[in-house]
Amino acid sequence: MATTTVHDATGRDGPPRAGTPENRPRRPRRPLLPYLLLAPAVVLELAIHVVPMLVGAWMSLLQLTQFHIRDWSTAPFVGAENYRMVLDFDSAAGAELLHSFQVTVLYTVCSVGLSWVLGTTAAVLLQRPFRGRGLLRALFLTPYALPVYTAVITWSFLFQRDNGLVNHVLVDQLHLLGDRPFWLIGDNSFVALLTVSVWRSWPFAFLCVMAGLQNIPADLYEAAAMDGAGFWRRLRSVTLPMLRPVNLVLLLVLFLWTFNDFNTPYVLFGGSAPEQADLVSIHIYRSSFKTWDFGSGSAMSVALLLFLLLVTAGYLLLTNRRRNDA
């Protein structure tokens, strides 16, 4: 009986051995197109965010004042002296920074809380279809769509003491106030700033919560209604728990946006906010560009960045731990 001999690639008898070039798995070639498409975004990110951040960190280590602004190489290297000066709360500079920090914390908590409550309330009320719902949604999103300068400048005119619409309605029409108050100076400046911030932020919360409500199955509401749950019970037992992933991200984004808010107080008060509305962002701007002390201003900016990073990391760790425990 004839036998068949199998020859391998080298001409020797027997089955081909593993590890020969013919049997080695070929690695797929990675195309360069995705990296080329990402390259412009990476370059812009480096030029707009990373490089200025590194330059600001280096400036915080220098005694960079108006005498050395034309030639940075002549600015003395002081190391952590700027940080010790601005974080020494017993000194004048440290006390002012601490006051701005306290005002900013209060402003952020009130603005984020009110924005979330208003946005969630509007989204829940507009969840069911009715005539004119689309028009109301469009009107509610108008403050978010307007440019910040247009919106805040309009509010600055509304808050004018003699010719503003706010005093005209509160004093002349509703007679809620006896005298026309100053809204852009003094104690009322914080209320004016908070009003503008909430007016600009709550449509974003409304948009996010409204998108989250679309993903809640209607069967859950039907089952809850069959069990006798009313509106508030369905809101507490169905709506809010299902919106928890959306609210976790929404609150963090609103916190970061509000704590870093510079455009609103700068446009509303003209770059010189009253003491009652002196946010950290305005305080850093005034320390850097009004007094020409860029070293201490950069130190404040780096300290603010580190604080926000710590708060964000702690928030994410806490929320992830609760998610894992659930």
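**Aromatic pairs and nonpolar cores in a predicted model**

Me: Which residues does Phe 159 touch, not counting residues up to four places away in sequence?
Reply: Phe 159 touches Val 166, Trp 183, Leu 184, Ala 192, Thr 195 and Val 196, contact meaning heavy atoms within 4.5 Å. This is a predicted model, in which local features need pLDDT of at least 70 and side-chain atom pairs count only at pLDDT 80 or more, while totals for chains, interfaces and linings use all residues. Residues are numbered from 1 along each chain as its sequence is written, and side-chain values use heavy atoms, with hydrogens and water left out.

Me: Which members of the largest nonpolar core touch the most other members?
Reply: They are Phe 159, Leu 193, Leu 268 and Phe 269, in a core of 22 residues. Such a core is a set of buried Ala, Val, Leu, Ile, Met, Phe, Trp, Tyr and Cys residues joined through side-chain atoms within 4.5 Å.

Me: Why is the pair of Phe 262 and Tyr 266 called stacked?
Reply: Rings of Phe, Tyr and Trp (its six-membered ring) pair if their centres lie within 6.5 Å, and planes under 30 degrees apart count as stacked, over 60 as edge-to-face and the rest as tilted. The centres of Phe 262 and Tyr 266 are 5.1 Å apart and the planes stand at 25 degrees, so the pair is stacked.

Me: What makes Phe 262 count as partly exposed?
Reply: Buried means under 20% relative accessible area, exposed over 50%, and partly exposed in between (1.4 Å probe, protein chains only). Phe 262 has 26% relative accessibility and therefore counts as partly exposed; Tyr 266, at 28%, is also partly exposed.
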